[in-house]
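Please look over the sequence and the model below before reading on.

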Amino acid sequence: MNKNHRVPSNRTLSAVEVKSKFGAEFRRFSLDRSKPGRFDEFYGLLQHVHRIPNVDLLVGYADVHGDLLPINNDDNYHKAISVASPLLRLFLQRKEEADYSAFGTDSLTRPKKTVLAAVLLRPDANRKKPPVIISLPRDFRPVSSIIDVDILPETHRRVRLYKHGQEKPLGFYIRDGSSVRVTPQGLEKVPGIFISRMVPGGLAESTGLLAVNDEVLEVNGIEVQGKSLDQVTDMMIANSHNLIVTVKPANQRNNIVRSGGGGAASGSSGRSSDSGASFYGYSSSGTAVATTPAHIIQNYHPEEVESDEDDEDLVIEAGGEAVPIPRAASASCSMPALPRYEPHLNLRTAANGALAASNSASSLSALSPTGRGLEGRSQEEDGTVITL
Amino acid sequence: MKRFRRHGQESHRDRIKQELYQFNKTVEHGFPHQPSALGFSPSLQLLAIGTRSGAIKLYGAPGVEFMGLHDENAAVTQIHFLPHLVELVTLLDDNSLHMWTLKAHKGVSELLEIGRFTLTGPPGAPPSVTRVTAVLAHSSGELLLLGTEGGHVFVVEVPGFRELEERNISLEIVTHSIPEEYGGRRSLEHVESLQENPANPQQVLIGYGRGLMVIWDLDCQSAVKHILATQPLESVWWTEDGLRVLSSHSDGSYCRWSVAGLDTQSEQEKSEVPYGHFPCKAISKVIQLPTKQGPPFLLFSGGMPRASYGDRHCITVIHSKTHVALDFTSRIIDFFVIRDGPDQAGEPSALVVLVEEELVVIDLQTEGWPVIQTPYLVPLHCSAITCSHHVSAIPLKLWERVLSAGALQNTHYSKKPWPITGGLNLSPDPPQRDLLLTGHEDGTVRFWDASGVCLYPMYKLSTAGVFHTDADPNDNMNQCTEGEWPPFRKVGCFDPYSDDPRLGIQKIHLCKYSGYLTVAGTAGQILVLELNDESAEQAVEATVADLLQGQEGFRWKGHTRLEVREEPVLFPPGFQPFALVQCQPPAVVTALTLHSEWKLVAFGTSHGFGLYDYQQKNNVLVRCTLNPSDQLAMEGPLSRVKSIKKSLRQSFRRIRRSRVSLRKHHVNNAAKLQDANARLEAELAEMELAPVQRKIEARSSDDSFTGLVRTLYFADTFLSDSSHNTPSLWAGTNGGSVFAYQLRLPSVERRAEDLVTAHPAKEIQLMHRAPVVAILVMDGHGSPLPEPLEVAHDLARSPDMQGSHHLLVISEEQFKVFTLPKVSAKMKLKLTAIDGSRVRRVGVAWFGSSCSEDYGESGLTVLTNQGDLHVVSLPGVKMQVHHPCIRREDVSGIASCVFTKHGQGFYLISPSEFERFSLSARCVVEPRSLVEVPHQTPTSLSRAQPDGASEYRYEQPERASKNHLCNNMKTALTGGKALSNGGDFHICSVSIVKEECNDGE
């Protein structure tokens, strides 16, 4: 089985040159492009060539755009082979190291600088702060998204803003106004709520999904019709940790074209998979990853968003350390796998359940003195990347 | 199948809900805001008050109350009962007349509007021709005489409001009958007064504004006599024998005229300016009443010397040698005198005066004319209400002690019973004794009997005596000097001026079992008081609680601490202060609670909270909650002081503006209306230009006043381990933090010596950071922990200490249940995220089922900033019912709301009135009273048409029918229908009359 791969076939175009890096060691070999085989075979081959038969590995590769993408199933393995031209660069990590703190700090730091920096990091940010934690795609955090495109009228837009306890303000104002509705009696002026101002540098502005004079129709699924400005304000503030506003944009030109796969600027990612938790972005299937490689992957698990973040009230026991309040009923693993800050108490509530449990003590204490400024900074970075 | 079953359960639950909850606004307590008219029916013994907002309220014997509201938002200017009937007529500012009746329905009378009417003059006539200035309800009960601004008198048949054009008394006819030399061609001006001759119902006296009075005979349709007065007329009074007429004038004089002779012109018997020499103000009303032996009573309002006492509101009472000028606290609206005897023709017994801010009743038969304490219409606002506290089910012992302490304060009141006795109070005796405590701006706490329909004053506590204030307590009392002229006597208790705003009461907590009371005020003072039946002279020991605890960078720019009197102070029987805590900085106290079993008081301000042991008189704990970056809390209320100045200036401007517009309104000019409309439009356009914006931002720890302590709570619960319950103190702040302290209390024997200690046990920071408005611990059964001493007095089941306790934290945005002792979120109810309303007030209540005696549920009564009431179930925190209650613009109404423990509540609808509402189906306090038709009168019997009348029932005056009536604008009801109403009354009246006769024998 492995023999097949080991045969040097440089002279044929069907051969893929592979450069695999594990720790400080490199291995070079080649694969047949037409017959890549299955992922588990490939995995076994890697263990073999690196002579680490009993080490659990996390396999990543750099695609044409320099993004670090995972190889963990047949689909993305095949994709990786098919797009490699001519060199396929692999980065291997021990599974046990490949969790939050270790991932990206050690073995991947240098490759990231050289290979991934163009997209993932800006040079200046890179200089100032400790390496940003780059993890599996599902650990990326979106800051905003358009959702429910399939069930909304084309003139409306449902925007989700993810506050996530970051320092960046939501940054917009609303006002009373009147909008024109078509009724059986003809056009009728009805009172409505509108976005009146955007704070420069705020979350709302940076997403580009909301604009001044957009009419607010719903807040987290509740219609605002008939509610006063103060009520809508309070509703938005109460939902500020995970705000979903449905607006009728004042500018209707940039609307999502529903039929096209990638027509409009936002259209390429505007499809939602289902109404319940439909985030634009991609599922973890390798095909989707590969077709639009310029975008950052967001494998955002629905339950993570749905789980109420304000359940994470902070409790300090006498003399003890702060612990987030787990939901008594549900398992802790449903918590969002995101680092959170509690600036008031200057304590970090690592609510990422099992993942963070092993090493949170050291890594968190190392991170917390860096303060809010840095965190806010990194959010900003993410924000610009993920913005449509 | 499953779905089907659930549906069944839900409908079952719906039925239970209906049995538990029912929303009613039941009764208004206190004094009507801005009263504008007074009426009295001697036959019904009912008092009627109309207000500027168009409300009309009827009061009889204590507990007999009716209320009605005109659809028009116009001031009630006059109220006239139809003599010997249950109907009354109101005249509004918009010149409409309304007929109201008291209709018996299911054994309870209701006040209903049954007709409305607006005078229509001849076509093309100016509006002044039909603008009604004087109303006379003729004693026949069939006629209404309406004098107008144009000088005409229109005659209208009632209750149908049918104009009898042929009987109208036009100005022209009257002008012809008077001598030419009287003023020549000058106008007689408007009709100022219409009076019926008490001895001859066919004679009516018409008084014109210029001074002329004409006696008109309704039968002959001609003028019988005229009185030529030269001064502008203010009022007219026909003496009981019909032989004399009194007139009062705008120059401060009154005249007596004899009208006995046959001469067409009557001569002046007497003219007097009682407070003469210097120019006087008008005498607006004069009354003379005979007594069996001796001289008559003469009463008149106004007439004070303009320069020296022009600002006094006085009624002068002269009887024989006694002459008193009663000096009232606010403008006099109207007054009348109640007379003894079955026909109200006997001796004058009481003078009833309605002034702008209170109702004063003076006993005219007791030496010194003392005031009779009113059982209703009490001026709640005699000093502005700053907070209120309700205590349900007071033990009889405490009740009696408070009553007896109050009785000692009321010795100056007359012993005579309340003279207005109309109607029967049918409401059952209240099931329990409830106390409502109101804190006032002048540092007093008033105790009200809130058990029933009448909010009755029980006792007044003043805290000002503990402190040195700027004002000498004796400076404005009893300044009545001998030989002063006019002989003033101050009456009434309305006194809105506070000597020192720092004295204002902000929080009250009373333990009904031990009689311990704690009150806290504006300058950070917390007084602990104890009920003592004897007066005592004692010094109050002050302890300072430094809430800052060395917090740096603090600059308090607010008021200073109150200065405590060092020397012993004599306290009268009642609640006597024995301990005092003063917060430093002296910010207003925002949370207060007392645990009488542990003898601890917890208090909080915008800077922190503290725990005080009132047995050992020391601070157990002081905790600063201040966020150092919170500039507003650091500096105190200085900015607000500035804004008060500014707002004062603005409000003065507003008053001036509104006065101008009011005057304009009286001119009654269409052009002005246009002008106002244009202004309004311009204002709207301005609003379009600069719209109100609201910033959408998540709360952060840096927001202002996050450290303000909103709620404090004592609980005996499982704070740190699940096997041992311990006393604990819980505090919630504006920033969404909850602090829990474990308390260690020494054993009872060592309580006086060993120190109480408090250890921080837990802190919870709510993620959504909304202000914490209430904290509650529920026992193993899910019911709220009982109050201190409640179990000891066998009044509550002891809490279940076996099952696990739960903590309920109520923030402005959501209700959240946590487990104890390990705090983890169990369930929650979101409010703001769903409908945008925020919790303003919350109370724990027990709702009894209206169907089964022994079923009941605990629940939370919640008032939101939208003015909606909700009931939230316990322990499941599920929304049960929801009712809109207060207008959301009525911020002070929402802020004043207080809940009872049995699902009722109170809120201020004006500075002087509490509205009482009930959410409970079982516990409802509402007036139920019956007013019977007075027995007598051949006229009313003749009006009754028994045939088919009892079948005909009036429709409820619903909006639709009212609008319909309004459109018709003329007569609302035909005569036939109105008559059938009379028949209806006749039938229900007969049985009652019989009963009454039996009683009499």
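Where in chain B is the place of B:Thr130? B:Thr130 lies in the loop between strand S9 (108-118) and strand S10 (132-137) of chain B, where strands (E, at least two residues) and helices (H or I, at least four) are DSSP runs numbered from the N terminus. This is a predicted model, in which local features need pLDDT of at least 70 and side-chain atom pairs count only at pLDDT 80 or more, while totals for chains, interfaces and linings use all residues. Residues are numbered from 1 along each chain as its sequence is written, chains are lettered from A and ligands numbered from 1 in the order in which they are written, and side-chain values use heavy atoms, with hydrogens and water left out.

Leaving aside residues up to four places away in sequence, B:Thr130 touches B:Asn95, B:Leu119, B:Thr120, B:Gly121, B:Thr148 and B:Phe154, contact meaning heavy atoms within 4.5 Å.

The C-alpha atom of A:Val232 is separated by 42 Å from that of A:Leu68, 164 residues apart along the chain.

The accessibility terms are buried (under 20% relative accessible area), exposed (over 50%) and partly exposed in between, with a 1.4 Å probe and protein chains only.

| Residue | Relative accessible area | Class |
|---|---|---|
| A:Val232 | 0% | buried |
| B:Thr130 | 11% | buried |
| B:Cys314 | 2% | buried |
| B:Cys511 | 8% | buried |
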